[in-house]
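Hi,

Here is the structure I promised to pass along. Have a look at it first, and my notes follow below.

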Amino acid sequence: MSQDIHNVVIIGSGPAGYTAAVYTARANLNPVLITGPEIGGQLTTTPEIGNWPGAFDNPSGFDLMENLKKHAEALNTKLIHDKVVAVSLNQDIKEVTLANGDVLKTKTVIIATGAQAKYLGLESENAYKGRGVSSCATCDGFFFRKKDVAVIGGGSAAFVEAIFLASICNKVYLVHRREGFRAEQVLIDKINALVEEGKVELVLNAQVDEIKGDGNVVKSLSVNIKDSGIREIELQGVFVAIGHAPATSLFKDQIKLDSDGYIEVNNKRATQTSQEGVFAAGDCADKVYRQAITSAGSGCQAALDVEHYLM
Ligand code: FAD
Ligand code: NAP
């Protein structure tokens, strides 16, 4: 049975994937985009985007990504709601296998698989995942209305989560392992205002020791504070926001990754991986900038690199 050979298969539906789709569609390459398990990517988990140029009304991450999706679809991108489970990339015609068993054949692949939330790696954290431990305040914050919660981390994501949770919870403990923050200054200013109001308490120089519960739900968080020892905080929810790791394990035997698992690019063109015809865009290949707009920008570059390669 003959099977279509696509010009380009895009893996991932974050800002990088959808932007690559818009550009390759406008170049008449009839892109196929596999959305993956998280349709719209990481941004869909955040209540407000304040730094997407032009979107000065601060849309929710979900709304922004819905608009990107509509744009890609309006240009006749073929969206497949499935997950890639295997790839074969080291020949001219590449193969992309989906969870439903379908195998797509394609001349080029754009990998835009982004990143997945990291966890602390504690046994107790794992035991209470989905029962008080979460990595997404937008998704799960609702269950902790008027309750006490902790957010772990000192980056922008932790601050955004804490600001959102402070608007619905009784109190938010922001637990960070040192004193300095990576978060943007505008977010630090907002948190400081919430500290003044008593909605947020900073727990600094604190390592999470254990998440305790009754076997069913979380009851407290035990943290080890430098110079003062263990502190037990009674609460009902723990939101882990300590960054994301690139979702690249699928590709590790076929393209070069760096020691942290990010895809190595810029071999000949900005998004060119170590494999001819395979390009990578967004957070899966970027451990420095990791922004929606830089991901979208590299999605555009990947699309242009595909066009150039096919010529
Ligand atoms: P992602 O958005 O991570 O999308 C990856 C896509 O790949 C997903 O659709 C996933 O389903 C898919 N995928 C993964 N594995 C597979 C597979 N095996 N098969 C098929 N598909 C797969 N940045 C900003 O600029 N401004 C902000 O305000 C901002 N707020 C943020 C708030 C939070 C809580 C977080 C976590 C991040 C925030 N960021 C923000 C960062 C921004 O979300 C990321 O930089 C951006 O989403 C990365 O885009 P991406 O397209 O590379 O990947
Ligand atoms: P990040 O900037 O890498 O911050 C991760 C935080 O978690 C750091 O404070 C880190 O501590 C801490 N951490 C890491 N591992 C830990 C561990 N094992 N135990 C305890 N703490 C740990 O990640 P992010 O906050 O997810 O942000 C990722 C990217 O998205 C960034 O580029 C950010 O700018 C962007 N983003 C932007 C916005 C926005 O509104 N503009 C919002 C969210 C995210 P140390 O500081 O000590 O290393």
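To start with a question: which residue has an N or O atom in the side chain that is 2.7 Å from an oxygen atom of ligand 2? That residue is Arg-182.

Before the rest, some housekeeping. This is a predicted model, in which local features need pLDDT of at least 70, side-chain atom pairs count only at pLDDT 80 or more, and totals for chains, interfaces and linings use all residues. Residues are numbered from 1 along each chain as its sequence is written, chains are lettered from A and ligands numbered from 1 in the order in which they are written, and side-chain values use heavy atoms, with hydrogens and water left out.

Ligand 2

(A polar contact here is a pair of N or O atoms within 3.5 Å.) Arg-290 takes part through its backbone, with an N or O atom 3.2 Å from a ligand 2 oxygen. On its own, ligand 2 exposes 910 Å², and the protein buries 77% of that (accessible areas by the Shrake-Rupley method with a 1.4 Å probe).

Around ligand 2 there are 18 residues, of which Arg-177, Arg-178, Arg-182, Glu-184 and Gln-291 come nearest; a residue counts as near if one of its heavy atoms lies within 4 Å. The shell holds five nonpolar, eight polar and five charged residues, where Ala, Val, Leu, Ile, Met, Phe, Trp, Tyr, Cys and Pro count as nonpolar, Asp, Glu, Lys and Arg as charged, and the others, Gly among them, as polar.

Ligand 1

Ligand 1 has 32 residues around it, and Ser-13, Glu-38, Gln-42, Asp-283 and Ala-292 come nearest. Its shell is made up of twelve nonpolar, 16 polar and four charged residues. Ser-295 places a polar side-chain atom 3.4 Å from an oxygen atom of ligand 1. Taken alone, ligand 1 exposes 1,000 Å², 92% of which the protein buries. The elements giving two or more residues to this shell are α1 (15-26) and α7 (292-310); helices are DSSP runs (H or I, at least four residues), numbered from the N terminus.

Helix packing

The axes of α1 and α7 come within 7 Å and cross at roughly 35 degrees (axes are lines fitted to C-alpha atoms over the stretch in contact, with angles from 0 to 180 degrees between N-to-C directions). Residues in contact (heavy atoms within 4.5 Å) include Pro-15 and Tyr-23 of α1 and Ala-292 and Ser-295 of α7. By class, this contact has nine nonpolar, four polar and no charged residues.

Helix α5 (residues 156-166) and helix α6 (residues 185-197) have axes that come within 10 Å and cross at roughly 35 degrees. Their contact includes Phe-159 and Ile-163 of α5 and Ile-188 and Leu-194 of α6, with nine nonpolar, one polar and one charged residues in total.

Best wishes

Key. A polar contact is a pair of N or O atoms within 3.5 Å; within protein, one must be able to donate a hydrogen and the other to accept it, and residues adjacent in sequence count only if both atoms are side-chain atoms.
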